[in-house]
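Please look at the sequence and the structure shown here, and then read the short report that follows.

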Amino acid sequence: MKKLLTLIAACAGLLAFAGTLDGSSDEALTKSLVTEWQALNDADTARLGMALFSAYEQLRDMPPAQRNAKLNGKNVEDVIAIAKELSPGDFSGNEAIFRQFSEKDKAVDAAAIRRFLATVKPEKGFKAMLATVHEPLSVGSGSVVFSRIVADAVESLPPEKALLFIAVYSEIDTPEGFANFVNTLAADGPAAVVEKFKGSDPEAYKDAAQKVERLSPEDVKEIGKKIAAQARSFANDKMKEWESLDVPKPSELNWLTDFEAAKKQATAENKPMFVLFTGSDWCPWCIKLERELLSSPEFGKYAKDNLVMVMVDFPRGKEIAPAQAAANQKLSEQYNVSGFPTVLLMNAEGKVIGESGYEKLSPQKYVESVKKILNKK
């Protein structure tokens, strides 16, 4: 009997711990969250992703000891509530979008999240885990479903109302405003969004309406038609990107991070430098540049034979050495870099030959564009 009671007590202890996070260390917290996340059904996997994306910066920047204490012993529902508490405005807007997810959306979102979760190394910590899953979280709840909602709305309105609807959207400048926009759109439809804007900001509405009135009926019809086509095309492209989203392959490019060492190598090999200023783990266009162009076999082969590759990174999730961060900041100021991604093609002395960035090109066309810039030197 005593052995039975001991067994029951032990099982009870295990059951009490099951489903909760272990905040005894950064590694333990990361491991337990990944384990719990991977065990959820599609809907809850996507919902937890929505919550963590909403409070991404707050959780990322929280000191590890504070984060461990805050999440220790919590279950998935607790984590979602904490995310809402940390970033109520962003949570409200993202939750409004999530309510528009179809079952297929949840399945696609969950599948993408699980693919990235499978690559997480808990020993690297919670911050690195967030950086790993940032792409599927931002691509899913951040743009795909919302772009489809907007396309549906524009297509359902007469041309003049569609132009006003786009004007309303362009006026949104706060998380709370975004949440109100999505909630009104979902509950009452696009026409109600326009009417609500008319009542809340009559001056801005009057200005937008007057601009539409100045257009001829033919122009209104034509512009409305083009906006609807562009919105639908954008939504379809985003959905395809989301469905095919996969874990990036490790880059085979020989990236250098020491600018002075790169100049010496460029001199020795008589090659120009390809200097990439990037936010590798958070900037959507930087990620697209890496995925679609720089990771391609075509560019890899060209770069190996013709370029010295230099990465000047400004990550938000992964850690880099303070000295490296300071050197990167100094370089960005020296070359007046104001946005990411920026590619500066330089000679071995560090003189800029030309500039590039992300372009919607095939890898081969991108290689040709780089050659064209270098041929101007």
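Which residue of β3 does Phe274 stand opposite? Phe274 stands opposite Leu345 in β3.

## About the model

This is a predicted model, in which local features need pLDDT of at least 70 and side-chain atom pairs count only at pLDDT 80 or more, while totals for chains, interfaces and linings use all residues. Residues are numbered from 1 along each chain as its sequence is written, and side-chain values use heavy atoms, with hydrogens and water left out.

## Strand β1 and its partners

Helices (H or I, at least four residues) and strands (E, at least two) are DSSP runs, numbered from the N terminus. Two strands pair if DSSP finds at least two bridges between them. Strand β1 (residues 273-278) is joined by six bridges to the parallel strand β2 (residues 308-313), where Asp313 is the bridge partner of Thr278. Five bridges join β1 to strand β3 (residues 342-346), and these two run antiparallel.

Six of the six residues of β1 are buried, so the strand is largely enclosed by the rest of the structure; buried means under 20% relative accessible area, exposed over 50%, and partly exposed in between (1.4 Å probe, protein chains only). Met273, Val275 and Phe277 point one way from β1, whereas Phe274, Leu276 and Thr278 point the other way.

## Aromatic rings

Rings of Phe, Tyr and Trp (its six-membered ring) pair if their centres lie within 6.5 Å, and planes under 30 degrees apart count as stacked, over 60 as edge-to-face and the rest as tilted. By this rule the count comes to 14 aromatic pairs. Phe101 and Trp242 form an edge-to-face pair, with 6.0 Å centre to centre and 70° between the planes. Because Phe101 lies in the loop between α7 (88-98) and α8 (103-117) and Trp242 in helix α14 (residues 217-243), the pair ties together parts that are 141 residues apart in sequence.
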